Amino acid sequence: QVQLVESGGGLVQPGGSLRLSCAASGTFFRLVRMGWYRQAPGKPRELVAGITSGGTTNYADFVKGRFTISRDNAKNTVYLQMSSLKPEDTAVYYCNILGRTTDWGQGTQVTVSS
């Protein structure tokens, strides 16, 4: 069972940057594909970026070139470096095993506003 704790969110101005972290428990973390998701008010949760156990990444079109997902298997942590943030990036950000639809963490709020 992998449990997840997200952190690093906050209030940032448009054009700014934030780095989110997701600490995972469980001995199988290094073997699983991980993803960052987000959910804005009144909208469904959407996948932002994913990373395989070997480090291959993929991104939603709306964040390509602005966000970077990475992982440190030794620390059981996955990161999301966000830059050139826009107001429409405002959401609660979650990490999870790719494809898993249960056992979400509490998420971390990202607010992009001037």
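These legends describe close-up views of a predicted model. Local features need pLDDT of at least 70, side-chain atom pairs count only at pLDDT 80 or more, and totals for chains, interfaces and linings use all residues. Residues are numbered from 1 along each chain as its sequence is written, and side-chain values use heavy atoms, with hydrogens and water left out.

**View 1. Strand 4 and its two partners.** Strand 4 spans residues 34–39. Strands are DSSP runs of E, at least two residues long, numbered from the N terminus. Five of the six residues in strand 4 are buried; buried means under 20% relative accessible area, exposed over 50%, and partly exposed in between (1.4 Å probe, protein chains only). Strand 4 pairs with strand 5 (residues 46–51) in the antiparallel sense, over five bridges. Strand 4 also pairs antiparallel with strand 9 (residues 91–97), over six bridges. Pairing requires at least two DSSP bridges between the strands. W36 has A49 of strand 5 as its bridge partner. M34 has I97 of strand 9.

**View 2. The hairpin turn.** Strand 4 and strand 5 form a hairpin. Six residues lie between them. In the turn, G42 has a positive phi of about 75°.

**View 3. E6, a buried charge.** E6 sits in strand 1 (residues 4–7). E6 is buried but has no salt bridge. A salt bridge puts a side-chain nitrogen of Lys or Arg within 4 Å of a carboxyl oxygen of Asp or Glu. R45, the nearest side chain of opposite charge, is 8.0 Å away. Lys and Arg count as positive, Asp and Glu as negative; His and the chain ends are not counted. The E6 side chain reaches the backbone nitrogen of C95 at 3.0 Å. Beyond four places in sequence, the contacts of E6 (heavy atoms within 4.5 Å) include W36, Y94, C95 and Q106.

**View 4. A network of salt bridges.** R38, E46, R66 and D89 are linked by salt bridges. E46 meets R38 with the closest N and O atoms 2.9 Å apart. E46 is partly exposed, at 31% relative accessible area; R38 is buried, at 6%. D89 and R66 meet at 2.7 Å, N to O. D89 lies in the loop between strand 8 (77–82) and strand 9, and R66 in the loop between strand 6 (57–59) and strand 7 (67–72), so the pair ties together parts 23 residues apart in sequence. Both D89 and R66 are buried.

**View 5. An exposed pair.** K64 forms a salt bridge with D61, the closest N and O atoms being 3.2 Å apart. Both residues, K64 and D61, are exposed. The count of salt bridges comes to five.

Definitions and conventions. Helix = DSSP H or I, 4+ residues; strand = E, 2+ residues; numbered from the N terminus. Polar contact = N/O pair within 3.5 Å; in protein donor to acceptor, adjacent residues only side chain to side chain.
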